[in-house]
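User: I'd like to go through some of the labels used for this model and what backs them up. Can you take them one at a time?
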Amino acid sequence: MRQTLNARAVATALLACAALIWTGASEAAPLRVERVVVVMRHGVRAPIVGEAPEDTLTGAPWPTWPVPPEHLTPHGEKALEILGDVDRRWLARSGVLPARGCPAPGQLRVWTNTAERTIASGKAFAEGLAPGCDTPIGHLGPNQTDPLFEPLGAGVAPFDPAAAIASIQAYTGGVDQLAARLKPQLDELDRVLDCRAPKGCSPVRPSKLQPSTDGRGIDLTGPVRDASGTAQVLLLQYVEGLSPDRSNWRAVEPAALKRVGALHAALFDVFTRPPYMNARQAGPLGRRVLAALDAPEAGGVDVFMGHDTNVTALAAALGVPLDAPDYARGDVPPGGALVFVALVDKSGKRSVRVYYQTQPLETIRRLDRRVTRSLVAVWLDAFRRRVAEVRE
């Protein structure tokens, strides 16, 4: 249900003074930043094979990408370096990174998932945060599944597919109904694809939820699954600068991308936001974030470079919307992040602020320095309960 104008005004007022209180820290007292934790989606990558289904029809050929499927592009690398430099200046003013020179050993800690795009993104962002400092980038080996970023694939918690499907159906009202609610966006996607086929440009398959073959997750088929990937590919090719050009993909423009982005955002209404899924998807990484916030004396900055599923899962566990200019509500653009800032006042009382950080659409495309960083109101106690709900 959409908020009313009055509700939005109340929410805005709350955000203006929002702080996540551990022990009742007073905003009247001067606050010092002790530690910062960043959970980020990787940067601009080439599409995953099959992300836009092979039987999707288009009025123009798909653009050619400069790197193999799934890899971070040089453009995406540069966008993350710029973002890192902007954040370095912000964090240096907070005292958790030096304004000049390299951080002390262990002051900047970067851990990524094992995919090329996450490792390369971690390196690029670290280069912006600490230029020329050759910051170590930690990750597991290429044949390992990291439970921080892929808890279902790692099988680190009990998983009951029937309970997962029931939770998804209850949360969405049923995946058929989810697809029905998105019909305006599906129609918009047809307009952008411009295939002019009488039955539409995207494949037509019935909505279906079923256990994955390994029993560790859920497979979704149907309009939401198919269209979500296509919408994401359209966004990626725009921020990469591959569309539109003089003759092709002229319907790909920011307002349309925001509208069809709701199709990609809907994917997380299946995989990360329903309570049963959320407890499992947010658990390992959420506990690691809390461990860092509970040990502020370590100081410095922790960066966890993962995927949109990680950001959306933690946001759902925190109970906050992901809402940024240029993007569909609930979607996470390349480089989008939750930034946790641990604070202490002169009396020793501690609090945490959480920001949702994104680069605007044109910032990524044009490689400028604009960053949107909005304070979000959350409740750590509920977050603690959610991420502690399921243990290995």
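User: Which residue is the bridge partner of Met40 in β7?

Analyst: Met305 is the bridge partner of Met40. Bear in mind this is a predicted model, with local features needing pLDDT of at least 70 and side-chain atom pairs counting only at pLDDT 80 or more, while totals for chains, interfaces and linings use all residues. Residues are numbered from 1 along each chain as its sequence is written, and side-chain values use heavy atoms, leaving out hydrogens and water.

User: How do you know that β2 and β7 pair?

Analyst: Pairing takes at least two bridges found by DSSP. β2 (residues 31-41) and β7 (residues 301-306) have six, in the parallel sense, so they pair by that definition. β2 also pairs with β8 (residues 337-345), antiparallel over nine bridges; there, Arg35 is partnered by Ala342.

User: What makes β2 mostly covered?

Analyst: Nine of its eleven residues are buried, meaning under 20% relative accessible area with a 1.4 Å probe, protein chains only.

User: Why are α8 and α9 called oblique?

Analyst: α8 (residues 223-239) and α9 (residues 254-271) pack at about 135°, axes 8 Å apart. Under 35 degrees would be roughly parallel, over 145 roughly antiparallel, and 65 to 115 roughly perpendicular; the rest is oblique. The pair therefore counts as oblique.

User: Which residues of α8 and α9 meet?

Analyst: Contact means heavy atoms within 4.5 Å. Among them are Leu234, Leu235 and Tyr238 in α8, and Leu263, Leu267 and Phe271 in α9. The contact residues divide into 13 nonpolar, three polar and one charged.

How values were computed. Axes fitted to C-alpha atoms, helices over the stretch in contact; angles between N-to-C directions. Helix = DSSP H or I, 4+ residues; strand = E, 2+ residues; numbered from the N terminus. Nonpolar A, V, L, I, M, F, W, Y, C, P; charged D, E, K, R; others polar. Buried < 20%, exposed > 50% of the residue type's maximum accessible area, 1.4 Å probe, protein only.
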